[in-house]
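Let's explore a protein together, one question at a time. Have a look at it first.

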Amino acid sequence: MPKRLLLLSLSCLLLCACTNDDSSTPQPPSHEECYTGDAYGELKSPYIVFDSSLEKLHKTTWHCIEFGSYPQAEVVASQYDYLEPYAVKDGDVVIDAKLFAALENADWNGRETEIDGVRYRRMKAEDAVRFAADSRGHYYWKNPDEYHYFRYEPVRWRILNIKGSKALLLADKALECNRFNSDATDVFWESSSLREWLNTDVYGCLFSETEKKSVMLTDVVNAANYYFGTYCGKDTKDYLFLLSESEVFCSELARNYGFYNSDGIDDPARRFRPTTYAACRGAWVSVVDSYKGNTFWFMRSTGYTPDNVTYVCEFGYLYNRGTLVTCSDAGIIPAVCIDLSTSKYKAAGTVCSDDIVQGN
């Protein structure tokens, strides 16, 4: 526990660790290798290896596709210093003085514009969920009145499951930052401001009208909190949604999606980085060695009390007790179901949990 407490103290709003007996939770088989669902063409459901001899006990490989687009990379004129170097990877920033000047002089429709067929979004500090001039683990807002510019880019999704031509996708990065609910009150996924925002604002920007024809309205099951039995609200029907507690640990479903299906492990499969845009919007980036640049992200399940929401921290540990629904710097990782037979997706290689063991 000392390691977890130390990391928790460095993780700002990551409030409450769960302390529970692991003896009743499902345990992985001693060895298993399999695809966990159907295939569609060259795309496959997750390939998992469970082996008690492995240091991390399991390894998952997800096939990925590109589908839809969203603001991600920031465009700057010269040197980039709004995030610490460890939080910036190749492709996160576009250094282009000519393009930056064109954006400054472009005709904008509110926060949106298009140059040479490419869409861009601009924002000031007032458009962020959380902003500060100098706060460790957060985007540096030097001038709150200055516009920052972001390029729309194809969104890469991990395929969590294929059944026939239906695919359940999870964004490969935290695309956004927002509160689970705008007010500090008892709230469930069904009535949260985050759910409404995802299925209106984000949905409208993420997919073209043609792409929306392939996005499926999903029956979203909101089961009670696994450890505490907390009611999580009525089931819903959504285009975009967050994963639930039972979809990322301690269930056969979680295992089929490629996550470690028991408790007590910092699961690499549950580690994610934010896009530069999400960080600018307020998403926290870890300052902890071995996990630098990772973020923590909301699930849709209620925590210990109805004014809390569960989350996964930067090292892949799930906090069932939760944090306040008004927490302002969590990453948002949307999930969506699409019909592969009607969608114009692009295959985008694979992601392996071995590649993200140390937050890379």
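Some questions and answers on cysteines, cores and a helix follow.

This is a predicted model, where local features need pLDDT of at least 70, side-chain atom pairs count only at pLDDT 80 or more, and totals for chains, interfaces and linings use all residues. Residues are numbered from 1 along each chain as its sequence is written, and side-chain values use heavy atoms, with hydrogens and water left out.

Q: How many disulfides does a search of the whole structure find?
A: A disulfide is a covalent bond between the sulfur atoms of two cysteines. Here it is counted as a pair of cysteine sulfur atoms within 2.5 Å. Cysteine 327 is in no disulfide, as the nearest cysteine sulfur, that of cysteine 177, is 7.9 Å away. Searching the whole structure gives a count of zero.

Q: Is cysteine 327 buried or exposed?
A: Buried means under 20% relative accessible area, exposed over 50%, and partly exposed in between (1.4 Å probe, protein chains only). Cysteine 327 has a relative accessible area of 5%, so this residue is buried.

Q: How many residues has the largest nonpolar core?
A: A nonpolar core is a set of buried Ala, Val, Leu, Ile, Met, Phe, Trp, Tyr and Cys residues joined through side-chain atoms within 4.5 Å. Among those with the most contacts inside the largest one are Trp157 and Leu198. Its number of residues is 88.

Q: At which residue does α3 bend?
A: Helices are DSSP runs (H or I, at least four residues), numbered from the N terminus. Helix α3 covers residues 193-206. The bend, the angle between axes fitted to the seven residues ending at a residue and the seven starting there, is about 30 degrees in α3, at asparagine 199.

Terms used. Helices (H or I, at least four residues) and strands (E, at least two) are DSSP runs, numbered from the N terminus. The expected span of a helix is 1.5 Å times one less than its number of residues.
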